[in-house]
Amino acid sequence: MSDKLPDLIDPLLFAERRSILAGALNIAALERLSDMVLKTDSEIEVNVQFGKQGKRALISGKIKATLELECQSCLQVLAWPIDLSFKLGVVSSLQEAEQLEIDCEPLMFNGEKVSLNELIEDEILLSLPDYPKHGYDCMPQLSSKDPDFDDNSQTETNNPFSVLAKLKKTGE
Ligand SMILES: [Zn+2]
């Protein structure tokens with residue numbers, strides 16, 4: 001599980017070899033993601049398979065982890081399990097990108113090696129909500145301001161009209 005994953009890769013070469021990269025990636029290695037989580041010393045499980053469909057190089061991957069996000073309501077730890085799958089088609093132009101199947105995102109490749117770490121990181125960041133929150137009402141109860149009995153009891157039980165009625169009667 002602690003196989004070291006390469007970072008910079010040539011996706012075409014890997015596709016040609018039908019390589020499989022499986023291992024763990026430390027969150028701390030992913031700078032942008034590290035900024036968003038409360039705990040960076042845990043691992044992300046990664047499994048990436050390279051292959052070809054016709055001439056097209058394809059990359060399909062799975063990412064699993066449990067992140068510790070900060071709940072945007074209560075600012076406490078929010079355990080956020082992720083279990084993602086992605087599929088990328090390696091392309092070198094927008095035209096090629098348009099030819100990809102719908103379930104396949106384009107990965108622009110111009111010959112320079114691609115960072116597998118960044119690729120994984122992008123997939124994770126895309127999956128995260130803008131405002132992560134606990135799925136329940138996690139805000140500390142704003143206790144009703146005064147623990148003492150709230151004494152604005154509207155005990156004006158005497159109906160002024162009944163008083164008038166009385167006066168009328170006695171005024172005979
Ligand atoms: Zn919360």
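1. Strands here are DSSP runs of E with at least two residues, helices are runs of H or I with at least four, and both are numbered from the N terminus. Two strands pair if DSSP finds at least two bridges between them. Q53 has R56 in β4 as its bridge partner. The β3 and β4 hairpin has two residues between its strands, and G54 takes a positive phi near 65° there.

2. A word on what you are looking at: this is a predicted model, in which local features need pLDDT of at least 70 and side-chain atom pairs count only at pLDDT 80 or more, while totals for chains, interfaces and linings use all residues. Residues are numbered from 1 along each chain as its sequence is written, and side-chain values use heavy atoms, with hydrogens and water left out.

3. Now the overall plan. The protein has five helices and seven strands, and along the sequence they follow the pattern β-α-β-α-β-β-β-α-β-β-α-α. Of the contacts (heavy atoms within 4.5 Å) with a separation of 6 or more, 55% are between residues 24 or more positions apart. Buried residues (under 20% relative accessible area, with exposed over 50% and partly exposed in between, using a 1.4 Å probe and protein chains only) make up 34% of the 172 residues.

4. Back to the sheet, which is open and has five strands in the order β2-β3-β4-β5-β6, with mixed pairing. Its edges are β2 (20-26) and β6 (105-108), each pairing on one side only. From one strand to the next, the twist averages 30°; axes are lines fitted to C-alpha atoms, for helices over the stretch in contact, and angles run from 0 to 180 degrees between N-to-C directions.

5. Helix α4 (residues 116-127) lies across β2, β3, β4, β5 and β6, and runs at about 125° to β5.

6. Which residues coordinate the ion? They are C71 (SG), C74 (SG), H134 (ND1) and C138 (SG), at 1.9 to 2.3 Å. Donors are N, O and S atoms within 2.8 Å of the metal (3.2 Å for Na, K and Ca), and sites may look incomplete because water is not among the atoms. The four donor atoms subtend angles of 106 to 114°, so the arrangement is tetrahedral (four donors with all angles between 85 and 135 degrees).

7. Along the chain, the zinc donors follow the spacing C-x2-C-x59-H-x3-C. C74 sits in the loop between β4 and β5 and C138 in the loop between α4 and α5 (160-170), so this pair ties together parts that are 64 residues apart in sequence. Both C74 and C138 are buried. C71 also counts as buried, at 0% relative accessibility.

8. Finally, two loop residues to check by eye. R18, in the loop between α1 (11-17) and β2, has a positive phi near 50° although it is not glycine; at 48% relative accessibility it counts as partly exposed. L75 is in the loop between β4 and β5, and its phi is near 65°, again a positive value in a residue other than glycine.

Key: Four donors count as tetrahedral if all angles lie between 85 and 135 degrees; four count as square planar and six as octahedral if opposite donors are over 155 degrees apart and all others between 65 and 115; anything else is irregular.
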